[in-house]
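This report covers a surface patch, a strand and its pairing partners, and one segment ahead of a helix. Please consult the sequence and the structure below.

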Amino acid sequence: MTLSLFEINPALDRAALRAKFLEHGRVQVRDFLKPEAAQTIRGVLERETPWGLACQAGEEPHTTLRPEQIQAMRPEERQALAQKIYGAAARGEYAVRFANYPMLEAYLQGWDRNGPLALLLEHINDAPFLQLARDICGIPELRKADAQATLFAPGDFLGPHTDSHVAEGWRVAYVMNFAQADWHPDWGGYLHFLDEDGDVVEGWRPRFNALNLLRVPQSHMVSYVAPFAPARRLAITGWLRDR
């Protein structure tokens, strides 16, 4: 497999995108990959990704369950976990629920070193993408990225947070969106940005083949995906680091 899996759109106006990022601390880069590359990645996420579950309820540690762990759970255990997560959110505590595949962990532990998700992680850490991020963000120190595949289905959400892990070298959070092109606003799953009063000051639809870049720390969230949503919000997310 060649770079056609992850081929950046050469027509991007990097100077204009950089001006927006420097002014607002965030920018959405539409059509950031060539169309055939974006469609290939969507296919990998749809058909070749063994989804686990990322979850957190309040002050409890963030947990990632592997697919086999989810399958081993009894129905009442799954229901209790969901109730605990929703209960924390109802009390205004930090809560998380969405399907994920930890691409970096999988790569380091050799789960599927020759698979397409491992190859995608290599492309995300290769010169073309890192240079695109440096050019847009104006941060020449960016040197590597971690990654996870994410799937937000009905009932999933990511509570408000800031990604304040500066000590770990986090400089910029990114979201590569591969949701279907006709994603409807009523379905939820938006990336929202919040001010100090908790008001939404900007919101981005999970637009197909769009790259979101946001300077961290910055308050943001992914809104609840409605129970009636007929589609799934597919993405690759992570942080660009300076070390």
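Which residues form a negative surface patch? The patch consists of Asp195, Glu196, Asp197 and Asp199. The model is predicted, with local features requiring pLDDT of at least 70 and side-chain atom pairs pLDDT 80 or more, while totals for chains, interfaces and linings use all residues. Numbering starts from 1 along each chain as its sequence is written, and side-chain values use heavy atoms, without hydrogens and water.

Patch residues have over 30% relative accessible area and no salt bridge, with like charges joined within 9 Å; a salt bridge is a side-chain nitrogen of Lys or Arg within 4 Å of a carboxyl oxygen of Asp or Glu. Glutamate 196 is located in the loop between strand 9 (191–194) and strand 10 (200–204). Strands are DSSP runs of E with at least two residues, and helices are runs of H or I with at least four.

Two residues are listed with their accessibility (buried: under 20% relative accessible area; exposed: over 50%; 1.4 Å probe, protein chains only).

| Residue | Relative accessibility | Class |
|---|---|---|
| Glutamate 196 | 84% | exposed |
| Phenylalanine 6 | 5% | buried |

Phenylalanine 6 belongs to the segment before helix 1 (14–24). Its C-alpha atom is 8.0 Å from that of isoleucine 41, 35 residues apart along the chain.

Strand 7 (residues 157–161) is largely enclosed by the rest of the structure, because four of its five residues are buried. Strand 4 (residues 95–101) runs antiparallel to strand 7 and is joined to it by two bridges; pairing requires at least two DSSP bridges. Here arginine 97 stands opposite phenylalanine 157. Strand 12 (residues 220–222) also pairs with strand 7 in the antiparallel sense, over two bridges, and histidine 220 in strand 12 is the bridge partner of histidine 161.

Technical notes:
Patch = residues over 30% accessible without salt bridge, like charges linked within 9 Å, V, L, I, M, F, W, Y side chains within 5 Å. Areas by Shrake-Rupley, 256 points an atom, 1.4 Å probe, with all protein chains shown as cover. Lys, Arg positive; Asp, Glu negative; His and termini not counted. Charge placed at Lys NZ, Arg CZ, Asp CG, Glu CD.
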